[in-house]
Amino acid sequence: MITARFAPQEVSPPVSSPAFVGPEMSPLQLRDVTVANRVWMSPMAQYSAAPDGKPTDWHLVHYGARAVGGAGLIMIEATAVGPSHRCTAADLGLWNEEQAAAHRRLTSFISEQGAVPAIQLQAAGRKGSHKPPWDGLGQNDPVHVGDGGWDTIAPSTVPFGDLSLPQEASHADIDRTVADFAHSAKMAQHAGYRVVEIQASHGYILHAFLSPLSNHRTDEYGGTLQNRMRFPLRVARAVRQAFPEEKPVFVRITATDWVEGGISIDEAAIFAKELAAVGIDLLDVTSGVLLRDVQARPPARDGVHIEFADALKKASGLPVAPVGQIADMSLAGEIVASGQADAVLMGRALLRDPYLVLHHRRDDHSSWPNQYHRAL
Ligand SMILES: Cc1cc2nc3c(=O)[nH]c(=O)nc-3n(C[C@H](O)[C@H](O)[C@H](O)COP(=O)(O)O)c2cc1C
């Protein structure tokens, strides 16, 4: 429920914009970064990177169009923190200086449009080494070692659907992955990103450690919630230390696994509090897809994660931004006005229409690129 659907707006209008349309268009400051508005692009894998993990022309045009289109923050898709952490051979990567240099084209263009360039850092875990979704049967078909694939690691030797059987992560693997995230955060700084996001949801390695459904370990990384949080919190701490203090670090957090015996909102709230203690700046709230089963997906419902975001905001005191089935600007406005969230992330709606935010600002010439004024 958006209980405060028609509640008075508590967020003040932006001073610089003459055509204030709603609180979703007001700026949000996080550390030293001011995001011009609160409608942001959600990370969406494009499986279009060069073989060395560098972004291609596709990424420049794709992300560039959404930055021109008025989204306040552009979250670049899940980007692998090392070659063995990729989902597919066409994933973006950010583990060396050459890749960082290639990302600069994206960050400078996005910044020139007034949007904040952000990047999601990811280690795939047991969801690694598969084909792009459009290649094969459409189910992320596995690519096995020997056919160009690579070994994957996970908390336990439990596969994701029909993907390859992962190896149980050793303590050395865990230490290396923490270091990979930290190094990648440094590369993100070199690349010109102003925000990094740690992917701790959607069944990838950090989520897989958090959930008892995929983590069957008996060492200090399994069992109690305290133990299951240990690795994700180590990553959060390492990334926070590696990324400049004046720039925010987000975590994409799972609010629930939607499956009996999995993570509940109560466990997610405890994790959220720990993330706040580590210095994380904002929670990007999502859920599900730890398992292949249909029941593990979020139900089809407008703004499905809003109440979870509200709960995690209250538990942690952190700003929150829900994602999921927020497909129009009026819903985005209602969510921000309700106070249940500080911003929203949009995914598929921005795939369908890169100019969604601009359409909403038809009367405000100053938010349109000069090159397009004659269309107004
Ligand atoms: C093509 C596509 C690629 C995606 N890739 C990612 C990703 O790289 N990282 C991530 O956290 N979520 C990813 N997602 C999930 C979206 O970020 C978002 O959470 C989801 O689509 C729900 O939001 P929506 O209803 O606004 O689309 C992807 C979704 C789509 C449709």
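This is a predicted model: local features need pLDDT of at least 70, side-chain atom pairs count only at pLDDT 80 or more; totals for chains, interfaces and linings use all residues.
N37 sits in the loop between β2, residues 33–35, and β3, residues 39–41. Is N37 buried or exposed? N37 is buried, because 28 other C-beta atoms lie within 10 Å, and the cut-off for a buried residue is 20 or more. Leaving aside residues up to four places away in sequence, N37 touches E24, M25, S26, P27 and G72. As for H85, 48 residues separate N37 from H85 in sequence, and the C-alpha to C-alpha distance between N37 and H85 is 32 Å.

I turn now to helix α3. This helix covers residues 171–191, which is 21 residues. From the first C-alpha to the last, α3 reaches 30 Å, close to the 30 Å expected at 1.5 Å a residue. Which residues of α3 are buried? They are I174, T177, V178, D180, F181, A182, S184, A185, M187, A188 and A191.

The axes of α2 and α3 are 8 Å apart, and the two helices pack at an angle of about 45 degrees. The helices α2 and α3 are therefore oblique to each other. The crossing of α2 past α3 is right-handed. On the α2 side, the residues that meet α3 are E97, Q99, A100, H103, R104 and T107; on the α3 side, they are M187, H190 and A191. Sorted by class, this contact of α2 with α3 has 3 nonpolar, 4 polar and 2 charged residues. Of the α3 residues in this contact, M187 and A191 are also among the buried residues of the helix.

The angle between α6 and α7 is about 25 degrees, and their axes are 10 Å apart. Why is this pair described as roughly parallel? The angle of about 25 degrees makes α6 roughly parallel to α7, because angles under 35 degrees count as roughly parallel. Here too, α6 passes α7 in a right-handed crossing. From α6, the contact is made by L233, A236, R237 and R240, and from α7 by E274, L275 and V278. By class, the contact of α6 with α7 has 4 nonpolar and 3 charged residues, and no polar ones.

H202 is in the loop between β9 and α4. Its phi is near 55 degrees, a positive value in a residue other than glycine. H202 counts as partly exposed, because 19 C-beta neighbours lie inside 10 Å.

Where is W258 found? W258 lies in the loop between β10, residues 249–254, and α7, residues 265–278. W258 is not a glycine, although its phi is positive, at about 65 degrees. With 21 C-beta neighbours inside 10 Å, W258 counts as buried, since the cut-off is 20 or more.

Definitions and conventions. Residues are numbered from 1 along each chain as its sequence is written. Helices (H or I, at least four residues) and strands (E, at least two) are DSSP runs, numbered from the N terminus. The expected span of a helix is 1.5 Å times one less than its number of residues. A residue is buried if 20 or more other C-beta atoms lie within 10 Å of its own, exposed if 12 or fewer, and partly exposed in between; C-beta atoms are placed from the backbone. Axes are lines fitted to C-alpha atoms, for helices over the stretch in contact, and angles run from 0 to 180 degrees between N-to-C directions. Angles under 35 degrees count as roughly parallel, over 145 as roughly antiparallel, 65 to 115 as roughly perpendicular and the rest as oblique. A crossing is left-handed if the near helix is turned anticlockwise from the far one by less than a right angle, and right-handed if clockwise. Two residues are in contact if their C-beta atoms, placed from the backbone, lie within 7 Å. Ala, Val, Leu, Ile, Met, Phe, Trp, Tyr, Cys and Pro count as nonpolar, Asp, Glu, Lys and Arg as charged, and the others, Gly among them, as polar.
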